[in-house]
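Open your viewer and get ready to select residues by number.

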Amino acid sequence: MSAVIEAPPAKEPPRVRGLPLLGNTLEMARDPTQFFVNCYRKYGPVCKISVLGKSYTVISGIEAATFMGTREGRDSLRSKEFWEGLVNEYGAKRILTGEDGESHKELRDVMRRGYSKESIKGRYNELVRITDRCFERDWPVGESVFVLPAMQYMVTDQLGSILTGAAPLEYVSDIRTAILYILNVLVTRQRPKILLQRPEYKKAKARVIELGQSMIDDWRKRYNESGERPDDEKNLIDDIMEAHVKHPEVMPESDLIVTITGPYVAGLDTVANTTSAIVYTVLKHPEVKQRVLAEVDALFADGEISEDHLMQRIPSLQGAIMETMRLYPIAVAQMRTATKDFVFEGCQVREGEMIYVGTSVPHFMEECYPEPFKFDIDRYAKGRAEHLKPGAYSPYGRGPHTCLGKSLAEVQIALSMARLFHKLDLELDPPGYELKTKTAPTPGPATSFKVRVKGYRN
């Protein structure tokens with residue numbers, strides 16, 4: 001005789017205590033990373049929060065990071081609702097980040113090559129020369145430099161030259177302003193929609209549209225004059241525009257501007273925040289700086305660099321990059337909607353609920369990283385490899401929407417940082433500076449973070 005043991009009924013997630021009306025808005029806006037960690041420690045892997053009067057479910061920790069990569073996770077979560085405000089704002093039908101399933105795969109296939117490290121194969125030294133140009137322009141010897149703005153100009157110069165063939169530096173402040181409003185108002189919804197009526201935002205949006213239209217016009221002129229480029233000469237803009245010409249049902253006219261300006265919107269804030277944080281962490285730890293300088297000086301000893309096995313030649317720098325991305329994550333949480341009722345860690349999640357997936361929470365868990373707030377670049381070396389524990393490390397997000405530009409960003413960040421520490425003699429300003437951070441539109445070093453350029457090392 002056997003008995004069927006029924007699973008216990010799913011329970012309602014606990015609700016995080018908050019302020020009247022505002023709920024958890026202020027605490028989350030102040031430090032979203034720590035907020036999600038605190039929620040996990042106090043309430044477990046599932047809880048409910050309130051932001052500006054709206055209820056959200058939070059799933060986090062190793063459990064959530066692992067769930068994102070499962071079939072159940074893919075079937076239970078979608079991205080559409082969190083991005084439809086941006087889609088509507090630009091009069092588009094769909095964007096890569098807001099699609100799921102076959103539609104997402106279709107767009108990803110169009111842009112896969114342009115966002116991959118293959119797009120800069122044979123061009124590493126060109127990227128180095130662009131980076132040197134940025135130092136000459138924005139990092140004057142003897143001066144104090146605000147790191148984040150300087151990095152934003154560098155990223156725009158690099159991405160523009162490599163991915164699109166144009167470096168629209170005159171649009172940097174407009175892109176930055178548009179990102180701030182788009183993410184705060186339309187995506188994370190931490191600010192009210194009335195802010196989109198501000199002249200500052202309207203001007204920035206118009207300028208971003210102007211940039212996108214000029215890129216489209218330039219491509220059409222070249223295409224009409226010269227025809228289609230050979231595959232090995234194509235960039236991201238070629239892939240997007242050729243998809244539009246050949247398959248307008250996949251890439252309609254309405255979606256071109258938001259898609260073509262995507263590299264700047266996606267890369268300017270995220271890569272600039274990460275590289276700025278790396279400058280701080282390396283300069284803050286002299287023993288790390290010493291190891292990094294030895295590696296990067298060897299890397300550039302012969303002038304031109306070989307593209308073979310780049311990461312293996314700079315293990316200390318790569319460790320510093322990975323550790324910085326652990327401690328200062330850009331993808332603090334991913335935003336999704338439940339596509340159906342499902343049970344997660346014993347708690348009921350219902351169809352239509354808006355969800356924050358706290359995939360960065362394991363970055364700060366002792367279970368994954370001993371002394372998690374200690375900066376330790378050797379965590380990732382063979383023998384330790386703490387980041388390889390399931391669900392432990394998610395700097396580029398998790399699941400089907402893992403950053404499409406991950407492999408490109410890894411090369412861009414590594415080369416940029418290697419060249420910066422090889423060329424420039426920098427110190428924190430003031431020397432004992434403790435990093436202040438911002439949370440909007442994405443987490444990262446505050447714009448007030450400065451370094452002093454003492455001179456050129458090489």
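This is a predicted model: local features need pLDDT of at least 70, side-chain atom pairs count only at pLDDT 80 or more; totals for chains, interfaces and linings use all residues.

Residues are numbered from 1 along each chain as its sequence is written, and side-chain values use heavy atoms, with hydrogens and water left out.

**Stop 1: the largest pocket**

Select Lys117, Met311, Gln318, Lys406 and Glu410. Of the 28 residues lining the largest pocket, these lie nearest its centre. A pocket here is an open set of points on a 1 Å grid over the protein atoms alone, with protein on both sides within 12 Å along at least five of seven lines, and lining residues have an atom within 4 Å of a point. The space inside is about 620 Å³, where a volume is the space filled by probe spheres set on the points, joined across faces, edges and corners.

Now colour helix H15 (315-327) and H16, the elements that give two or more residues to this lining. H16 supplies the largest share, 6 residues. Helices (H or I, at least four residues) and strands (E, at least two) are DSSP runs, numbered from the N terminus.

**Stop 2: the second largest pocket**

Next, select Asp31, Leu327, Tyr328, Phe364 and Thr437, the closest to the centre among the 21 residues that line the second largest pocket. Its volume is about 440 Å³. Which element gives the largest share of this lining? That is H13, with 3 residues.

**Stop 3**

A cavity is a set of grid points where a 1.4 Å probe fits but cannot get out. The model has 2 cavities of 30 Å³ or more. For the second largest cavity, select Ile120, Leu127, Gln158, Leu159, Ile162, Leu163, Leu408 and Gln412, which line it. It holds about 60 Å³ of space. H8 provides the largest share of its lining, 4 residues.

**Stop 4: the surface**

Finally, select Leu19, Leu22, Leu26 and Leu52, which make a nonpolar surface patch of about 320 Å². Patch members have over 30% relative accessible area and no salt bridge, and nonpolar side chains (Val, Leu, Ile, Met, Phe, Trp, Tyr) are joined within 5 Å, like charges within 9 Å. A salt bridge is a side-chain nitrogen of Lys or Arg within 4 Å of a carboxyl oxygen of Asp or Glu. Accessible areas come from the Shrake-Rupley method with a 1.4 Å probe; for residues, only the protein chains shown count as cover.

Zoom in on Leu19, in the segment before helix H1 (25-30). Leu19 counts as partly exposed because its relative accessibility is 47%, between the limits for buried (under 20%) and exposed (over 50%).

Note on methods:
Buried means under 20% relative accessible area, exposed over 50%, partly exposed in between (1.4 Å probe, protein chains only).
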